Amino acid sequence: MEKLLIKGPTHLKGEVTISGAKNATVAILPATLLINGTCVLENVPNISDVKVSCKILSELGAKITWLDNNTLSIDTTNITTSNAPLDLTSKFRASYYLIGSMLGRKRAIQVGMPGGCNLGPRPIDQHIKGFELLGAKVDVSQGKITAKADNLVGTSIYMDIVSVGATINVMLASVLAEGTTTIDNAAKEPHIVDVANFLNTMGADIRGAGTDMIKINGVKELKGNATYSIVPDQIEAGTFMLAAVASQGDILIKNCITKHLESLTAKIQEMGAEVHDYGDSIRVTCNRKPSRANIKTLPYPGFPTDLQPQMGVALSIANGTSTINESIWESRFQYTAELNKMGAKISVQGKSAFFEGVDKLYGAPVYSSDLRAGAALIIAGIIAEGETEIYNLDHIDRGYEKIEEKFKNLGANIQRVSN
Ligand code: EPU
């Protein structure tokens, strides 16, 4: 078993380059199944969720070649089966995008129930509602999801809940449907726009992505034969911005789209950080202990739930008492118990957590419960006095490329060791 060993405290200082967005990539990879041809993807994050996605695509018949560490060539001309490997699809959340893509391409798919981070109940009723309205029959039983359609016909779909996954999945299923589909109350996250841009580059006709109404005019075929570069990961960028705040450091974050980070930027300025916005890079400097703040997580463009744990670390050592209200996931405060082991004073009541800022954190053995909790614990280890050991690295490796190398370059004393 591997663990991360971190010796702190360190004020992080230097430059970091952000990788391509995990949550865009894990949707764009299945989206390639809609193409009758080849495409090249650039700025692909080299993370374990991507490797599992590639394995699944290969088992479905795609030919995948890594052209370099972050560039993939994918040939989906011959898709030979509609049965995705159940063990692999159960490993991560985004395997549910195979349903939309394969319904589009083959009008049939069988996948295992999606796995992924344990953040509380993660229903997919809105995905299923969308597929059924398009004309598919969906069966969920014995740990499997089976979807089939004789034909998919465009229609109006109103999402009862703003859902990233359901918006993307229904978009995928509609690209090759007959006629026009509209998705109302759609999610607006940057990766939704990225998936739409990718599909349009390959020949789809999608308008309005990034607003709450997306219109998809069905086309006969996606030919591909094009290159697409994945959008930078705004959550990774935000993770380093919060690392600068929590460590009272000075970090220049390169290859990001600062527009995607507005809610976080406003909040850390309120907490006393200095932010210089250069459009495709951002510098965050914090010369003092951050001030208290109140946070409520919301769908984009609100404060992202995927930065909530990292913000929790900054608030754990802030001046004064802060509150976080988590409105997306039921179980996203598991990291607070680990921070409390490190000397934080955090109490959780239902969907709210109260952070009584302490002077400092102290190193301890801690366990990452999910991907973003893992990132938060790394920041906590960096600002804590003494040695922190972080376990359950699988979660972190699912979504962050070269994480310890990036923090090491900023001055952190961090190393991965095998137990
Ligand atoms: N929901 C439903 N029914 C549905 C779909 C969602 O009730 O059919 C509820 C969920 O239970 C949740 C809310 O709607 O309370 C929002 O869920 P959403 O569908 O937006 O989340 P997701 O697509 O499953 C993606 C990201 C998550 C991120 C959320 C919210 C991927 C692969 N995952 O999940 O990312 O937290 O959107 O922004 O894109 C992460 O990267 O660490 C991560 C967990």
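Guide: Contact here means heavy atoms within 4.5 Å. The model is predicted: local features need pLDDT of at least 70, side-chain atom pairs count only at pLDDT 80 or more, and totals for chains, interfaces and linings use all residues. Residues are numbered from 1 along each chain as its sequence is written, and side-chain values use heavy atoms, with hydrogens and water left out.

Visitor: Which residues is Q308 in contact with?

Guide: Setting aside neighbours within four places in sequence, Q308 contacts T297, F303, I324, E326, R332, F333 and Y335.

Visitor: Is Q308 buried or exposed?

Guide: Q308 is buried, at a relative accessible area of 0%. Buried means under 20%, exposed over 50%, partly exposed in between (1.4 Å probe, protein chains only).

Visitor: What lies 3.4 Å from a polar atom of its side chain, Q308's I mean?

Guide: The backbone oxygen of R332.

Visitor: And where does Q308 sit?

Guide: In helix 10, residues 308–316. Helices (H or I, at least four residues) and strands (E, at least two) are DSSP runs, numbered from the N terminus.

Visitor: On to the sheet. What's the strand order?

Guide: The order is 17-18-20-19, in an open sheet of 4 strands with mixed pairing. Two strands pair if DSSP finds at least two bridges between them.

Visitor: Which strands stand at the edges?

Guide: Strand 17 (294–296) and strand 19 (345–349). Each has a single partner strand, so one side of each has no neighbour in the sheet. From one strand to the next, the twist averages 15°.

Visitor: How many bridges join strand 17 to strand 18?

Guide: There are 3, and the two strands run parallel. Strand 18 covers residues 321–325. I295 stands opposite I324 there.

Visitor: What lies across strand 18, strand 19 and strand 20?

Guide: Helix 11, residues 334–341, at about 155° to strand 19. Axes are lines fitted to C-alpha atoms, for helices over the stretch in contact; angles run from 0 to 180 degrees between N-to-C directions.

Visitor: New topic. In the largest nonpolar core, which residues touch the most other members?

Guide: F198 and L199, out of 75 residues. Such a core is a set of buried Ala, Val, Leu, Ile, Met, Phe, Trp, Tyr and Cys residues joined through side-chain atoms within 4.5 Å. Not counting residues up to four places away in sequence, F198 touches I28, A31, T32, I35, C39, L41 and Y228. A second, separate core of 68 residues includes Y335, one of the contacts of Q308.

Visitor: How is the chain divided?

Guide: Into domain 1 (2–19 + 232–418) and domain 2 (22–229). Those bounds come from an automatic or database domain assignment. Their centres, taken over C-alpha atoms, are 30 Å apart. Domain 1 puts 24 residues into the contact, domain 2 puts in 22.

How values were computed. Polar contact = N/O pair within 3.5 Å; in protein donor to acceptor, adjacent residues only side chain to side chain.
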